[in-house]
Amino acid sequence: MTQVLLGENEGIDSALRRFKRQVSKAGILADVKYRRHFETPLEKRKRKAVAARRKHRFK
């Protein structure tokens with residue numbers, strides 16, 4: 001579970017930015033989209049392209 005604790009003089013904007021960064025790093029939104037019942041053809045192509053780029057980068 002992702003959680004962000006506010007610093008003493010920290011604004012809500014910076015905390016929200018940190019939260020979004022943590023969520024994207026954890027892959028939460030990607031996992032939710034992956035587990036959806038229906039995936040549009042455009043989403044499928046994008047997912048495969050990203051996976052191919054990731055696979056090529058780590059070779």
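Contact here means heavy atoms within 4.5 Å. The structure is a predicted model, so local features need pLDDT of at least 70 and side-chain atom pairs count only at pLDDT 80 or more, while totals for chains, interfaces and linings use all residues. Residues are numbered from 1 along each chain as its sequence is written, and side-chain values use heavy atoms, with hydrogens and water left out.

E43 sits in helix α3, residues 41-57; helices are DSSP runs of H or I with at least four residues, numbered from the N terminus. With a relative accessible area of 30%, E43 is partly exposed, a label that falls between buried (under 20%) and exposed (over 50%), using a 1.4 Å probe and protein chains only. K33 lies 10 residues from E43 along the chain, and their C-alpha atoms are separated by 9.1 Å.

Both E43 and K33 also turn up in the lining of the largest pocket, together with G27, A30, Y34, R36, E39, K46, R47, V50, A51 and R54. The largest share comes from α3, with 6 residues. A pocket, on a 1 Å grid over the protein atoms alone, is an open set of points where a 1.4 Å probe fits, with protein on both sides within 12 Å along at least five of seven lines; lining residues have an atom within 4 Å of a point. The space inside comes to about 490 Å³, where volume is the space filled by probe spheres set on the points, and grid points are joined across faces, edges and corners. Sorted by class, the lining has 7 charged, 4 nonpolar and 1 polar residues. In this scheme Asp, Glu, Lys and Arg are charged, Ala, Val, Leu, Ile, Met, Phe, Trp, Tyr, Cys and Pro are nonpolar, and the others, Gly among them, are polar.

Two of the lining residues, R47 and E39, have side chains that meet in a salt bridge, at 2.9 Å from N to O. The term covers a side-chain nitrogen of Lys or Arg within 4 Å of a carboxyl oxygen of Asp or Glu. R47 is partly exposed at 34% relative accessibility, and E39 falls in that class at 23%. A search of the whole structure turns up 3 salt bridges. Another one joins D31 and R35, with an N to O distance of 3.0 Å; D31 is partly exposed at 33%, whereas R35 counts as exposed at 63%. R18 and E10 also pair up, at 3.0 Å from N to O, and they are partly exposed at 27% for R18 and 25% for E10.

Helix α1 covers residues 12-26, and its 15 residues should span 21 Å at 1.5 Å a residue; the end C-alpha atoms are 21 Å apart, which agrees. The expected span is 1.5 Å times one less than the number of residues. After α1 comes G27, with a positive phi near 75°. Within α1 lies Q22, partly exposed at 31% relative accessible area. Setting aside residues up to four places away in sequence, Q22 touches T2, Q3 and V4. Q22 and Q3 are 19 residues apart in sequence but 8.4 Å apart in space, C-alpha to C-alpha.

Key: Helices (H or I, at least four residues) and strands (E, at least two) are DSSP runs, numbered from the N terminus.
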